[in-house]
Amino acid sequence: MDENYKRSIKKAHERQIKKVRSREEHKLLEENSRQRRQGRGKKTNRSKRVRVEEDDFEAIFEKMRPQKQLDLEAAKQAARASPEEPTASEDVDFDLRGTVISVARDRVHLRDEGGHEHEVDLGSTTLGPAVGDEILCRRREGARPLGVRLAARRSMLSRPDPHNHRVERVLAANVDVAVIVASVQRPAFKPALVDRFLIAIEKGGCRPLLCVNKADLLEEPGEREGVAEALRPYLDLGLEVIWTSAESGEGIEALARSLREQTCVFVGHSGVGKSTLLNALDPDGQRDTGHGREFDGKGRHTTTSSELVELEGGTRLIDTPGIRILGLWEVTPGELSNHFPEFVEHSDACRFRDCGHTHEPDCAVRAAVDGGEVSAARYATYLRILDSLKE
Ligand code: GDP
Ligand code: ZN
């Protein structure tokens, strides 16, 4: 199922990249020749990035973007910056390697492949490790091992630093699965929120999984069918959907099975049952449950620091303050439809190559919405997000 999802996203990306590239290349060539005529240098960073704000989210926000390239660059810089690493060599000399399980100001805890935990200094390096990062270290005589390099990240979830929104703070690295938890009632199921989470997760390079919780609250005949109908577009996309009830136990085993041996995070609106589900999966971990914990500043998750815990069955869970709510990320209007793979399947047939699928004549995406091939709800979310991207 998730393979399908990945494939459709990849296909969508490839098509979009081709489109954008030819358009951007054309613009860049024009711009370059204009600047050459004017005797100025080449301007490379042309894409304007705009913030998207969740309308129905409270104070906390996050942004996500894949940073594989930047990571490599940062790792190289870190190697250069470290006094212990004068040569900017690609092959860093290391004799200890492990996964970061918690981060303090100038030091991290890591677990090595043998399951042993170590406290590691970061020294003067600018590694900026996050929970889940693979870190390479060098052991030292009479001192803690020193972290010298981060391995390239497979994926990550990040958000702007609360004190400086231009600075990106990586909340978790190398996340395999981001579980979007929604509830069927109390609070009501909000597909638009799922759409936004999907964009953020996909930008971070993680696999999404949708967990539809509080299934026990659907008692009236037809209620379950109503939610199932709203889930159809996600199933069509190949997204894995698991119905759960922390109350009755429904789906808990299926969820545990799906997360086995994966590194995962749980995201979702406050009150949907994330802590309760985590407790069901990890009975030893006992988390506080109840409404609004992330917001009121009194809950355990706002006070504890980031941690990676290993559950029975080899599931690794990253539980980090702030990671449960994704409300803000960087996305350009032009790249938005890229994150709606079912649109991209049709957009080749739009009259204009750079069709924004709003008012343009002969828009194949709108035709597909009218024809019922593309979900009207997903299209509505697209329009709302696009609207919020405009200054
Ligand atoms: P979080 O804010 O997402 O971590 O949500 P919590 O885990 O704190 O749960 C919020 C409330 O929903 C608590 O009162 C839970 O007891 C309740 N709850 C969680 N899961 C379920 C469920 O599957 N069914 C029902 N009926 N209530 C649930
Ligand atoms: Zn179009």
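**Reading the model**

Tutor: F94 is partly exposed, because its relative accessible area is 36%; buried means under 20%, exposed over 50% and partly exposed in between, with a 1.4 Å probe and protein chains only. This is a predicted model, in which local features need pLDDT of at least 70 and side-chain atom pairs count only at pLDDT 80 or more, while totals for chains, interfaces and linings use all residues. Residues are numbered from 1 along each chain as its sequence is written, chains are lettered from A and ligands numbered from 1 in the order in which they are written, and side-chain values use heavy atoms, with hydrogens and water left out.

Student: Where is F94 found, and with which residues is F94 in contact, leaving aside neighbours within four places in sequence?

Tutor: F94 lies in the loop between helix 2 (68-81) and strand 2 (96-103); helices (H or I, at least four residues) and strands (E, at least two) are DSSP runs numbered from the N terminus. With contact taken as heavy atoms within 4.5 Å, its partners beyond those neighbours are L136 and C137. C137 is buried, because its relative accessibility is 0%.

Student: How is a pair of aromatic rings described, and how many aromatic pairs does the whole structure hold?

Tutor: Such a pair is described by the distance of the centres and the angle of the planes. Rings of Phe, Tyr and Trp (its six-membered ring) pair if their centres lie within 6.5 Å; planes under 30 degrees apart are stacked, over 60 edge-to-face and the rest tilted. The search finds five aromatic pairs. F343 and Y382 are edge-to-face because their ring centres are 5.1 Å apart and their planes at 75°. This pair joins distant parts of the chain, with F343 in helix 10 (residues 341-347) and Y382 in helix 12 (residues 376-389), 39 residues apart. Both F343 and Y382 are buried.

Student: Which residues touch the most other members of the largest nonpolar core?

Tutor: In soluble globular proteins, nonpolar side chains tend to be buried together. A nonpolar core is a set of buried Ala, Val, Leu, Ile, Met, Phe, Trp, Tyr and Cys residues joined through side-chain atoms within 4.5 Å. Here the largest has 30 residues, and those touching the most other members are I180, L210, V212, V227, L231, W243 and V265. Helix 3 gives the most to this core, with five residues. A second, separate core of 18 residues includes L336, C363, A364 and V369.
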